[in-house]
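Biologist: Please take a close look at one residue and what lies around it. Then set it in the chain as a whole.

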Amino acid sequence: MFQLIQSLKLIDVKSTLSGIHPEIAQTSVRIGIEFNNLSVLLSTWKALTAYKI
C-alpha cells in the first residue's frame with residue numbers, strides 16, 4: 001500500500017489514507033514510513049465527506 005502511495009506521488013496524485021488501525025500506524029512509523037505528505041482521516045465516511053466529490 002505504501003509503495004503504491006509513493007508511486008502515485010511520482011505522477012502528482014495526492015492520496016488519503018482512512019480507517020487505519022492504530023497498531024498498523026504504530027508499526028509503520030516504527031519501520032520508518034512517514035505520513036508527512038499524506039492526508040490521514042479517521043474513517044472512510046470522514047474521507048468521503050471531507051472531499052465532496
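Modeller: Start with Ser28. Leaving aside neighbours within four places in sequence, Ser28 is in contact with Phe2, Ile33 and Phe35. Contact means heavy atoms within 4.5 Å. Ser28 sits in helix H2, residues 22-30. Helices are DSSP runs of H or I with at least four residues, strands are runs of E with at least two, and both are numbered from the N terminus. Ser28 is buried, with a relative accessible area of 4%. Buried means under 20% relative accessible area, exposed means over 50%, and partly exposed is in between, using a 1.4 Å probe and protein chains only.

A word on the source. This is a predicted model, where local features need pLDDT of at least 70, side-chain atom pairs count only at pLDDT 80 or more, and totals for chains, interfaces and linings use all residues. Residues are numbered from 1 along each chain as its sequence is written, and side-chain values use heavy atoms, with hydrogens and water left out.

Now the whole chain. Three helices and two strands make up its secondary structure. From the N terminus, they run α-β-α-β-α. The C-alpha trace spans about 35 × 30 × 15 Å along its principal axes. Of the 53 residues in the chain, 15% are buried. Take contacts between residues at least 6 apart in sequence: 40% of them join residues at least 24 apart.

Val13 gives another setting. Val13 lies in the loop between helix H1 (2-10) and strand E1 (16-18). Val13 is partly exposed, with a relative accessible area of 34%.
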